[in-house]
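Okay everyone, thanks for coming. Let me put the structure up, and then I'll walk you through a few spots on it.

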Amino acid sequence: MAALPYAVPCDFFHFEKPDRSCAGSYNDLIYQVFLQNYDAAIGDITITGNRSNYVDFTLPFAEGGVVRIVPITYEDDNGIWTFLKPMKKDLWLTSIAFFFVTGLAVWILEHRTSSAFRGPPSHHLGMIFYFPFSTLVFAHSELIPVKASSSSRINDFT
């Protein structure tokens with residue numbers, strides 16, 4: 001207060017009992033400000049949602065907190081299985097299960113009408129695993145056949 005270019009009359013009081021013991025917690029101090037027994041409170045009071053219901057807080061003057069700088073260490077620096085770490089085992093198993101279910105669904109829908117889905121049982125099992133993999137890896141460039149109506153004209157793509 002002495003550093004201000006003008007005089008501000010103020011009195012500082014400790015939040016204590018007559019026997020000089022603490023008069024309560026920070027919540028009690030905030031509530032006393034709310035009851036206008038004190039005009040303001042100065043100190044290291046944490047801003048919480050409950051306390052904000054009773055009084056207004058100014059922005060902190062200085063950033064507080066503990067900061068540490070520690071080196072990053074990796075358990076498996078050169079491991080070939082590092083790409084598996086972002087997902088847990090349960091999520092990997094679920095992804096593999098859906099991968100298989102997708103191939104099975106396509107096989108069920110296509111094996112009666114498409115000649116590519118015919119052959120011995122090993123060929124069927126191979127197609128169940130190959131089709132979902134191929135949709136992830138290969139860009140399909142086949143054109144989708146369009147049925148022309150009498151009112152529209154479609155250009156020949158060949």
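So, start with A40: at 54% relative accessibility, A40 counts as exposed, where exposed means over 50% relative accessible area, buried means under 20% and partly exposed is in between, with a 1.4 Å probe and protein chains only. Before I go on, this is a predicted model, where local features need pLDDT of at least 70 and side-chain atom pairs count only at pLDDT 80 or more, while totals for chains, interfaces and linings use all residues. Residues are numbered from 1 along each chain as its sequence is written, and side-chain values use heavy atoms, with hydrogens and water left out.

Where does A40 lie? You'll find A40 in the loop between α1 and α2 (49-52); helices here are DSSP runs of H or I, at least four residues, and strands are runs of E, at least two, numbered from the N terminus.

Now zoom out. The protein chain has four helices and zero strands, in the order α-α-α-α from the N terminus on. Buried residues make up 11% of its 158 residues.

Last stop, V8. That one sits in the segment before α1 (26-34). Is V8 buried or partly exposed? Partly exposed, because its relative accessible area is 36%.

That's my tour, so over to you for questions.
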